[in-house]
Amino acid sequence: MDKIAVVILNWNGVKLLEQFLPSVIQFSEGATIYIADNASTDNSVEFITQNFPTVKIVKNSSNHGFAKGYNDALKHIDAEIYALVNSDIEVTENWLKPILETFDNEKQTAIIQPKILDFKNKEYFEYAGAAGGFIDKYGFPFCRGRVFETVEKDNGQYDDNIELFWASGACFFIRKNVYHELGGFDESFFAHQEEIDLCWRASNEGHIIRYNSQSVVYHVGGATLQQGNPKKTFLNFRNSLLMLVKNLPKRGLFWVIFFRMILDGIAAIRFLTQGKFGHTFAILKAHFSFYCLSLKYLKKRKDFQIQQYYLVKSVVFLYYIRKLTFFKEIFNSIQNIKN
């Protein structure tokens with residue numbers, strides 16, 4: 001069994017592979033590199049075979065998205081650690097060493113995220129993950145280095161190694177045994193927020209999620225589905241509600257989801273006033289899909305859920321009403337309340 005397998009999910013991404021795969025090969029000494037191909041119809045597989053013969057290919061039968069794509073592929077990959085890496089990630093020298101050292105030294109640590117910077121503007125954090133994620137009481141995710149649309153410059157303010165609530169799926173390290181014990185990603189999510197759901201389930205089982213700033217990667221972001229795409233809005237809002245049903249503590253379950261849906265309604269109205277009708281419709285569609293799936297997801301609940309899952313009660317209130325746009329401002333507001 002390999003120590004670590006770097007697994008890149010691909011669907012019709014030959015241009016991304018041509019641009020970013022060389023850095024992964026160059027700086028991943030000791031790792032076995034796999035392309036998990038989601039039944040691409042371009043020449044991705046042929047391109048890899050001809051140009052990168054050391055890279056192994058796992059062919060999925062069809063394109064079932066991020067969640068099932070990885071679940072299907074990882075059944076055929078044997079390694080102690082999986083590094084799940086987006087095809088639009090540029091890695092840096094020695095990016096694997098601090099991750100592997102953490103796994104070796106901290107047996108309870110099951111999931112790790114590196115520092116994720118913006119490939120297009122390398123002095124700044126990248127939207128999807130930045131320096132590690134948290135959620136508020138109502139399931140809204142935010143990151144150190146990115147809160148909603150505000151992305152911070154990397155001035156070394158998050159050059160640490162701390163415990164997180166969730167790690168970004170853009171570059172996601174997980175122990176093989178933990179991944180399979182948890183049943184992998186939730187395939188009904190298709191894409192978006194499946195990594196938060198997996199981390200939440202890992203926390204419910206007593207595992208630790210960690211950030212390691214010594215490992216640095218650069219992420220393009222939105223290479224497969226742009227941030228402004230209504231389909232992305234639909235998946236984010238629907239999957240967030242489904243995740244809450246699965247993982248919230250039993251006490252207050254109904255009220256948290258009820259208030260979350262009110263906040264979603266406010267977001268839909270805001271999109272409407274901005275003329276973004278596709279996004280308003282996407283939220284309505286997300287809620288309808290949630291109603292259809294909610295009973296199924298109630299059955300997925302486990303016997304135990306951690307009680308303190310959130311960092312703040314409402315990041316929406318802090319960001320939009322109190323105008324606390326940086327993570328450290330939000331964190332300091334919590335400390336002031338405690339003091």
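This is a short chat about a predicted model of one protein chain.

Q: What limits apply to the model, and how are residues numbered?
A: The model is predicted: local features need pLDDT of at least 70, side-chain atom pairs count only at pLDDT 80 or more, and totals for chains, interfaces and linings use all residues. Residues are numbered from 1 along each chain as its sequence is written, and side-chain values use heavy atoms, without hydrogens and water.

Q: How many helices and strands does the chain have?
A: Eleven helices and 14 strands. Both are DSSP runs, numbered from the N terminus: helices are H or I, at least four residues, and strands are E, at least two.

Q: Why call the chain as compact as a globular protein of that length?
A: Its radius of gyration is 19 Å, close to the 20 Å that the globule rule gives for 339 residues, so the chain is that compact. The radius is taken over C-alpha atoms, and the rule is 2.2 Å times the number of residues to the power 0.38.

Q: How much of the chain is buried?
A: Buried residues make up 58% of the 339. Buried means under 20% relative accessible area, with a 1.4 Å probe and protein chains only.

Q: Switching to α4, which residues are buried there?
A: Helix α4 covers residues 97-105, and P98, I99, L100, T102 and F103 are buried.

Q: And what do they pack against?
A: Five strands are β1 (2-10), β4 (79-85), β6 (109-118), β13 (171-175) and β14 (208-219). Contact means heavy atoms within 4.5 Å.

Q: What does UniProt place at residues 6-182?
A: The unreviewed entry gives "domain: Glycosyltransferase 2-like". That stretch is 27% helix and 32% strand.

Notes: Buried means under 20% relative accessible area, exposed over 50%, partly exposed in between (1.4 Å probe, protein chains only). UniProt positions are given in the numbering used here, feature names are shortened, and annotations may be inferred rather than shown by experiment.
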